[in-house]
Amino acid sequence: MTTPAPSLPEQTPQTGPRKVPSRAMLRYILRRLSQAILVMLLVVIGSFFLIKMAPGDFVDTLAGTSDLTAEQMANLRARYGLDQPVPVQLMYYIARLATLDLGYSPFNNAPVLDILVKRWPVTAILVVTSVSISMVVGTLLGVMAARFSGKPVDLGISILMLLFYATPNFIIAVILILIFSIKMNVFPIAGFATIASGYTGWEYIRDVAWHLAMPVTALCTFFIAIYGRIGRAAMLEVLTLDYIRTARGKGLTERRVIYVHALRNALLPLVTMAGLQVSALVGGAVLIETIFGLNGMGRTAFDAVFQRDTNLLLGVLFVSSLSVVVVNFIIDLLYMVLDPRVEIK
Amino acid sequence: MSTSGHSVFRRLLRHPSGLVGLLIIALVVLMSASAGFIFPEGPWVLGGRPRTWPGVDPAFPLGTDALGRDMVAALFYGARVSLAVGAAAALVSLVIGTLVGAIAGYYGGWLDDVLMRLTDAMQTIPSFLAAIAIVGVVGASLSTIIIAIAVVSWPMIARLVRADFLRLRTYDFVQSCKIIGMSDLRIIFGQILPNCLAPIIVSSSVLVATAIITEASLAFLGLGDPNVMSWGTILSTGRPELRSGWYMTAFPAVALVLTVLALNLIGDALNDVLNPRLKERKS
Amino acid sequence: MTTNAPAPLLEVDRLKVSVSRTVPIVEDLSFAIAAGETVGLVGESGCGKSLTALAIMRLLAGNLSVTSGSIQLDGEELTKLPEERIRSLRGDKMAMIYQEPLTALNPVMTVGAQLVEVLRTHRKMSKREAAARAVELLALVRIPDPAARFNEYPHRMSGGMRQRVVIAMALACDPKLLIADEPTTALDVTVQAQVLRLIKQLQREANLGLLLITHDLGVVRQVADRIVVMYAGSVVETGTVAEVLGSPRHPYTVGLIAARPSGSFAVDAQKLVEISGSVPSPEARPKGCVFAPRCPNAQDDCRASRPHLLPTTGSHELRCLHPMPASTPLSAPVGMPS
């Protein structure tokens, strides 16, 4: 009889959907959680030492914007623990961030967390749309290239991928602006939505889509190239496998063989990559948001650099990393749905 | 199969995309090497009429920027920065990545566990954002930029090297080295490392390309070293002029894209040349 | 024994399969299968058995193609059919069972979905009807608790169970021709006999033409009516099982039988040392008889030109200029299955 995966209970014939043992599930969640904590700890410790390396501390920055006496500065340092030894300060810092206290932004005159909560959705929409589009378009191009491997279609797609792969997103952004905003005047040059338009419902969504068309495209091309290249390779690999021959031997149409049998399997390596892509896209969003005047977290990071607002800058890093960690967890769950062979161990 | 440097280079020249890539990179190297001779006064001189279009003034074949600086000089000096930052950052991350990967793969066990968890975590953090944070907080200078790029790009190499070390450490030649009492250090660097150079070499061209893009992106944001003229700097100063003088953006963009393209082509070619097995599977 | 049978179900005539259209791998291959008949195709690995099967199904991949000869199924010339028509035959009129049950099923689709799919491709069935029929098929191949197994993914089944699923898939649309390519090789010894018996029983019940590809002479002796012995891409000897195994004439067949591990009829590559030398690669086949370099009986005329496949007695045919005498005494008793 079957030898089930070690952690699974013997399958009883009558059961419908298989049940995941709760202890294994708990262990899995704990492991993922510890990984997530490690990432965040790394971010926090890195941030702490960056602050230490920066010329002048937080009180110095404050002193630059308002007049403080030496005594006041000493008091402030004592209050924020800046007179403590470095390891103690680090502990304070970790404890502070663990409670999501990201500090205060003197320039914006507001807590960093409040600012970022407001800016977060713009980046989230940008990144999620871009990941989805680049995955779909890239994979389809990869599938087409694999299906017509060695033919002109394949060559054309491969050249396009090579160009997309070599062109940084900010150059794509500038090219798009030049062509579609300056020369042809079809897409708005900047902004998230038409200001004071009073649009609601579908009209508002259309307006936003219109504004985001160029930023999303600029952010996508590189990842389309990545998905296209890997998708092509994965597809070529899968198409040589036995079960594809079985599917053809059943008399299925080539369409069904490619899009049902091969694609679902070729998608698996692509999904595992999505986590890394999200991380890279969040980074790319800094450039794109800055260029297109979108008030998201990336733009906030850019502004923070020039306002010498270290709390805000490191806050963006913290919140972005946290978001990526959460997205990675969701992608893992998605992978389990896509690949029945993956069991929780 | 011999994979001595000389024969690899010769086979690279016979590979179509390898040849194209090498030619472009040779041109960029030539540009950066000759920048000092052809433009001894540097890229910052305000020599011409601002916003001269290419082909109008023979003294400035590619025109001038908004301040009247020569585009050709800027491009030549920019090549220097791109190559230097690309090569230096790639080198530093190669060193870090190789060390981490070699130690993790060779010793295995808890050390491997810890180092790989660290690598995982590093790969999860949005790297460009981390680079901005480093440069933004510490201050923009060439060395900071190089370190920032290296710090965020070593994990890829570490994974690659670790995988090869895990595989190779079980081989007989490694076991016999241990038996004759060779030190771990000598086995790692003298015996195993030379056997996993191929994937490292292939990915280093991609590493250089990524570093060049990251430097240009930072400079485009205004986070480049203010004392050097990089292609990103030219792009950054050209952006407000997009409406009237898009050539200011076009030239550095083309230079950047061609360089990155060339490095990717070389990487693909190296992959074909160094991995004959993969090549067979492709055809 | 059918001597004056109507047109056979499958007729392969002087088939040639080549790499890059130039180097022939299968050459001058001819045989026929009648409805209800089981033909065993035997030979060492690499002799072109599986390629023959794939050629019949028109599933040759990459740079392999049929360069000449004909394959007729029920009078239809398969090599010339448009792709659309051949697809409607695959899985319907002709079906195949593969060697590797572990990789033959799509890992991300349930067993049921893969069965339903073939039914709905060839028969006008609702999803519900197809599902009901699929469960019946699972029961037919003796999968315990078929209704529950319907929703199972392949990785949660053993090799033997998966091979049963592949068999159910092949039989789903009541094919006339079933090709089984080493259907039991990858299975545990204990399961091999069960699966083989199942195939044979289903073949008898449905009066299928069965092409059984194997390297195991014991399997052939158990289930086949006729046997086709292949060497280096062509048929060297063919006839009824009794004729060929009872009185083998071609030196290669004799070698095969002698080389089998004691107690079984499996052709084990390692035991084949008794036939000295190795199978020539397709590029390096000699001008004369392909077996000549390894043949104990080879003479100058063997190396001069390739012999033809000629009838001897009964339905026994032979491609050999200097065959073994008709009554070769064999080291082990070979004969009719008991």
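This text walks through a predicted model, chain by chain. Residues are numbered from 1 along each chain as its sequence is written, and chains are lettered from A and ligands numbered from 1 in the order in which they are written. Local features need pLDDT of at least 70 and side-chain atom pairs count only at pLDDT 80 or more, while totals for chains, interfaces and linings use all residues.

Start with Ala218(A), which lies in helix 8 (residues 201-239) of chain A. Helices (H or I, at least four residues) and strands (E, at least two) are DSSP runs, numbered from the N terminus. Ala218(A) counts as buried because it has 26 C-beta neighbours inside 10 Å; the cut-off for buried is 20 or more other C-beta atoms within 10 Å, for exposed 12 or fewer, with partly exposed in between, and C-beta atoms are placed from the backbone. Leaving aside neighbours within four places in sequence, Ala218(A) is in contact with Asn169(A), Ile172(A), Ala173(A), Leu176(A) and Ile288(A). Contact means that the C-beta atoms of two residues, placed from the backbone, lie within 7 Å.

Gly181(B), with a positive phi near 85°, follows helix 7 of chain B.

Finally, consider where chain C meets chain A. Here 30 residues of chain C are in contact with 25 residues of chain A. Helix 4 of chain C gives the largest share of the chain C side, four residues.
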